[in-house]
Amino acid sequence: MRFGIDVAQQRMPWDEVVSRVELAEELGYDGAWGFDHFEPMYGEGPGEAFDGVTTLAALSGRTSRIRLGLLVTGVTYRNPSVFANQMMTVDHASDGRLELSLGAAWHDKEHIELGIPFPVLKDRVDAFEEAVQIVRGLLTTDNFTFEGRHYQVRDATLFPRPVQQPHPPIWIGAHGEKRMMPITARYADVWHCFGPPSYLSGKSEKLDGMAEAAGRDPAEIRRAASLSLEDDPDDIARTIDEWERAGFSYLICGWPADGRPTVERFAQRFLH
């Protein structure tokens with residue numbers, strides 16, 4: 001089992017963001033994860049919320065081993081061609097430590113406040129499916145062309161190619177079985193979803209069938225979920241065992257309320 005830590009760069013100064021990621025690297029966590037929002041997701045009123053993509057670029061220069069990602073980037077925030085170039089840049093800046101994530105976006109409040117268009121769900125999912133294909137195509141293909149309803153790319157080539165070949169691992173955050181999980185089955189290297197093992201094991205089995213229908217080996221799609229560090233360590237150990245039995249191989253740990261002491265205790269027990 002691999003473990004990441006969710007540093008969620010909100011309502012804290014920049015030095016604290018960096019400190020959390022450096023601590024996670026020192027302790028042996030496999031990944032450090034931020035979020036892709038422009039305002040805090042909890043608490044009252046305005047607060048610090050650093051942009052996710054530029055945060056990854058900056059953290060690339062402050063770390064040397066730990067992998068870096070966002071849980072997950074919103075398709076509404078950036079043109080997919082621009083996003084592909086940003087991801088290629090972060091992959092090089094980190095010397096191949098990027099986890100490339102994509103999601104359909106959901107937080108309507110910040111869209112309204114910041115003047116970012118927020119289409120209805122069907123249109124967002126349609127645009128998301130186009131964006132995934134464009135990002136992957138631009139990272140791997142010369143003279144790439146894509147004609148979609150939401151996005152068009154014509155004879156485009158982006159250099160340099162990513163450090164990770166053929167492209168950084170593509171994570172898709174998906175819950176809906178009608179549209180988002182079938183898209184995951186077609187294009188993702190890693191599927192992430194929230195929920196307990198008893199719930200997500202069933203969805204994982206459905207993803208297997210979707211992958212087979214798409215002509216893929218289900219084993220090509222790694223399964224990732226989230227883990228609370230707030231529970232008793234023995235309960236956490238049992239939960240990890242449940243995730244492993246369900247076929248999940250990566251857990252993203254939420255940053256606990258008491259911070260570093262719990263993060264360190266978890267690392268001492270489960271990372272060594």
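This is a predicted model: local features need pLDDT of at least 70, side-chain atom pairs count only at pLDDT 80 or more; totals for chains, interfaces and linings use all residues.
A residue counts as exposed when its relative accessible area is over 50%, as buried when that area is under 20%, and as partly exposed in between. Asparagine 143 has a relative accessible area of 51%, so this residue is exposed.

The protein contains nine helices and ten strands. Its radius of gyration is 18 Å, close to the 19 Å that the globule rule gives for 272 residues, so the protein is as compact as a globular protein of that length. Along the principal axes, the C-alpha atoms fill a box of roughly 50 × 40 × 35 Å. Of the 272 residues, 52% count as buried. Contacts also reach across the sequence: among those with a separation of 6 or more, 72% are between residues 24 or more positions apart.

Next comes the open space in the structure. The largest pocket holds about 930 Å³. Its lining consists of 40 residues, and the closest to the pocket centre are His37, Leu71, Val72, Trp106 and Phe194. Two elements give two or more residues to this lining, namely helix H5 (121-140) and strand E10 (250-254). Helix H5 gives the most, with four residues. Sorted by class, the pocket lining has 21 nonpolar, twelve polar and seven charged residues.

Most residues other than glycine have a negative phi, and most peptide bonds are trans. Leucine 71 and valine 72, however, are joined by a cis peptide bond, with omega about -15°. Valine 72 sits in the loop between E3 and H3. A cis peptide bond also joins glutamine 165 and proline 166, where omega is about 5°. Proline 166 belongs to the loop between strand E6 (152-156) and strand E7 (170-173).

Positive phi values turn up in loops as well. Arginine 11, in the loop between strand E1 (2-6) and H1, has a phi near 55°, a positive value in a residue other than glycine. With a relative accessible area of 27%, arginine 11 is partly exposed. Asparagine 143, the exposed residue of the opening paragraph, has a positive phi near 50°. This asparagine lies in the loop between H5 and strand E5 (144-147).

The largest cavity has a volume of about 60 Å³. Thr73, Gly74, Val75, Arg78, Pro80, Phe83, Leu102, Ala131 and Val135 line this cavity, and the elements that give two or more residues to the lining are helix H3 (80-93) and H5. Helix H5 therefore contributes to the linings of both the largest cavity and the largest pocket. Six nonpolar, two polar and one charged residues make up the lining of the largest cavity.

The second largest cavity has a volume of about 50 Å³. Of the 13 residues that line it, Val7, Trp33, Gly34, Leu56 and Leu59 lie nearest the centre. Helix H1 (14-27), strand E2 (31-34), helix H2 (52-60) and strand E3 (67-70) each give two or more residues to this lining. By class, the lining has nine nonpolar, four polar and no charged residues.

Charged side chains bring the description to its last topic. Side chains of opposite charge can pair when their charged atoms come close. Across the whole structure, 23 salt bridges are found. One of them links arginine 154 and glutamate 147, at 3.2 Å from N to O. Arginine 154 is exposed at 56% relative accessible area, and glutamate 147 is exposed at 51%.

What is the distance between the closest N and O atoms of arginine 216 and glutamate 220? In this salt bridge they are 3.1 Å apart. Arginine 216 is at 15% relative accessibility, under the 20% limit, and so counts as buried, whereas glutamate 220 is partly exposed at 45%. Aspartate 258 and arginine 265 form a further salt bridge, at 3.5 Å from N to O. Here aspartate 258 is partly exposed at 43%, and arginine 265 is partly exposed at 48%. Elsewhere, salt bridges that share partners join Lys122, Asp123, Asp126, Glu129, Arg149, Arg179 and Arg186 into one network.

Definitions and conventions. Residues are numbered from 1 along each chain as its sequence is written. Side-chain values use heavy atoms; hydrogens and water are left out. On a 1 Å grid over the protein atoms alone, a cavity is a set of points where a 1.4 Å probe fits but cannot get out, and a pocket is an open set with protein on both sides within 12 Å along at least five of seven lines; lining residues have an atom within 4 Å of a point. Grid points are joined across faces, edges and corners, and a volume is the space filled by probe spheres set on the points. Ala, Val, Leu, Ile, Met, Phe, Trp, Tyr, Cys and Pro count as nonpolar, Asp, Glu, Lys and Arg as charged, and the others, Gly among them, as polar. A salt bridge is a side-chain nitrogen of Lys or Arg within 4 Å of a carboxyl oxygen of Asp or Glu. Buried means under 20% relative accessible area, exposed over 50%, partly exposed in between (1.4 Å probe, protein chains only). The radius of gyration is taken over C-alpha atoms; the globule rule is 2.2 Å times the number of residues to the power 0.38. Contact means heavy atoms within 4.5 Å.
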